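Morning, everyone. I have one structure to walk through today. Let me put it on the screen.

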Amino acid sequence: MPIINSSKTDPNKILPMQYPWAREHYRNAIANTWVPEEIPMQDDIEQWKRPDALSQTERRLILWNLGFFSTAESLTANNIVLAVYNHVTNPEARQYMLRQAFEEAVHTDTFIYACDSLGLDPDEIYGMYERIPSIREKDEFVIGLTRSVFDPAFTTDGVANIQRFVHDLVGYYIIMEGIFFYAGFAMMLALKRKGKMVGIGEQFEYIMRDESLHLAFGADLINTIRSENPDIWTDAFTDELRGLIVKAVELEKIYARDACPEGIVGINSESFSEYVEHIADRRLERIGLGKHFETPNPFPWMSQSTDLSKEKNFFETRVTEYQTGGLDWD
Ligand code: MN
Ligand code: FE
């Protein structure tokens with residue numbers, strides 16, 4: 001039975017399973033369980049309060065990323081629960097989405113924890129998505145390109161509607177979680193490597209580990225819908241999807257330059273833009289669209305501690321890791 005549009009699918013009958021990849025992602029996600037309070041914030045609080053511990057550029061970069069992520073995480077949770085879940089009736093895929101929704105709640109909690117620990121003004125941080133144009137543009141782009149699936153009258157019947165649905169899934173999973181999160185991940189992990197804001201940096205690492213699974217699930221979902229509905233994959237449609245991803249890269253580069261206009265110790269600010277291009281090529285390849293940028297990875301250390309190797313490691317992860325709460329995927 002297909003993953004969407006089967007009147008024969010009983011969403012309550014999970015066994016026997018049809019899509020083992022959905023189950024695999026669920027089990028890997030469970031093995032990655034964490035909560036932000038496990039990570040001490042004392043050093044971060046001390047650095048944040050000491051006037052000479054962080055440069056103005058570093059402070060700006062931290063604020064911009066807290067500002068973007070604090071609201072982006074709930075936007076993602078709402079997308080899953082209110083829009084995607086409704087249309088994907090397969091029970092094992094739904095089991096994964098329930099877990100993903102929980103992870104987005106943990107991520108939302110992480111930014112509450114950061115705001116509280118550092119004593120930040122919540123109105124300032126949670127208002128940044130309206131006030132800072134480079135953040136607002138990203139959110140508006142995702143909201144705009146995921147309109148159809150939020151329309152209560154929307155169904156996934158027929159080629160044109162399935163294309164709309166896949167278009168919106170690309171908006172959520174590939175663009176929001178797969179591109180718009182990644183300049184921020186690179187910035188916060190770059191700081192952590194310099195021994196700055198290591199508590200928040202570690203929380204970003206945990207979030208990134210979760211997001212790389214969200215992305216993996218999203219790509220498997222898109223690729224499954226495509227293989228079950230090959231008619232949707234026309235040249236016009238793939239051109240449209242590629243165009244959206246290229247546009248998203250432009251917005252993410254504008255955001256990266258705005259969050260970090262001057263670079264930080266040892267890193268030129270343009271490297272973050274190159275990293276976004278590099279990551280976008282990986283996303284394009286993952287859904288069968290082929291590379292666009294051919295930009296080499298400026299941060300080989302990111303691929304050590306992040307998505308590709310972590311996804312590989314996800315499949316080797318044991319449930320015991322949850323009990324130790326270890327972060328040793330790299
Ligand atoms: Mn998240
Ligand atoms: Fe996510």
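A salt bridge, for this talk, is a side-chain nitrogen of Lys or Arg within 4 Å of a carboxyl oxygen of Asp or Glu. By that rule, the count here is 12 salt bridges.

Ground rules next. This is a predicted model, where local features need pLDDT of at least 70, side-chain atom pairs count only at pLDDT 80 or more, and totals for chains, interfaces and linings use all residues. Residues are numbered from 1 along each chain as its sequence is written, chains are lettered from A and ligands numbered from 1 in the order in which they are written, and side-chain values use heavy atoms, with hydrogens and water left out.

Now the metals. Donors are N, O and S atoms within 2.8 Å of the metal (3.2 Å for Na, K and Ca); water is not among the atoms, so sites may look incomplete.

Which residues coordinate the manganese ion, ligand 1? Glu73 (OE), Glu104 (OE), His107 (ND1) and Glu211 (OE) do, at 1.8 to 2.2 Å. Their spacing in sequence reads E-x30-E-x2-H-x103-E. Glu73 sits in helix H3, residues 56–87, and Glu211 in helix H11, residues 198–228, so this pair ties together parts that are 138 residues apart in sequence. Helices here are DSSP runs (H or I, at least four residues), numbered from the N terminus.

Glu73 is buried, at 0% relative accessible area. Glu211 is buried too, with 0%. Buried means under 20% relative accessible area, exposed over 50%, and partly exposed in between (1.4 Å probe, protein chains only).

On to the iron ion, ligand 2. The iron and manganese ions are 3.2 Å apart, and Glu104 coordinates both. Glu104 in helix H4 (residues 91–118) and Glu177 in helix H9 (residues 159–180) link distant parts of the chain, 73 residues apart. Both of these glutamates are buried.

Back to helix H3, which also holds Asn65. Asn65 is buried, at 0% relative accessible area. Leaving out residues up to four places away in sequence, Asn65 touches Gly184, Met187, Met188, Phe204 and Tyr255. Contact means heavy atoms within 4.5 Å.

Helix H3 also supplies Glu58. Glu58 forms a salt bridge with Lys196, the closest N and O atoms being 3.0 Å apart. Lys196 lies in the loop between helix H10 (182–193) and H11, 138 residues from Glu58. Buried or partly exposed? Lys196 counts as buried at 19%, and Glu58 is buried at 3%.

Compare helix H12, residues 235–259. Arg242 and Asp239 meet there in a salt bridge, at 3.3 Å, N to O. They are 3 residues apart, so about one helical turn separates them. Arg242 is partly exposed at 24%, and Asp239 is partly exposed at 48%. Glu250 and Lys253 also pair up, at 3.6 Å. They lie in helix H12 as well, 3 residues apart. Glu250 is partly exposed at 35%, whereas Lys253 is buried at 9%.

Elsewhere, Glu46, Arg50 and Asp52 are linked in a salt-bridge network.

That's the tour. Over to you.

Conventions
Helix = DSSP H or I, 4+ residues; strand = E, 2+ residues; numbered from the N terminus.
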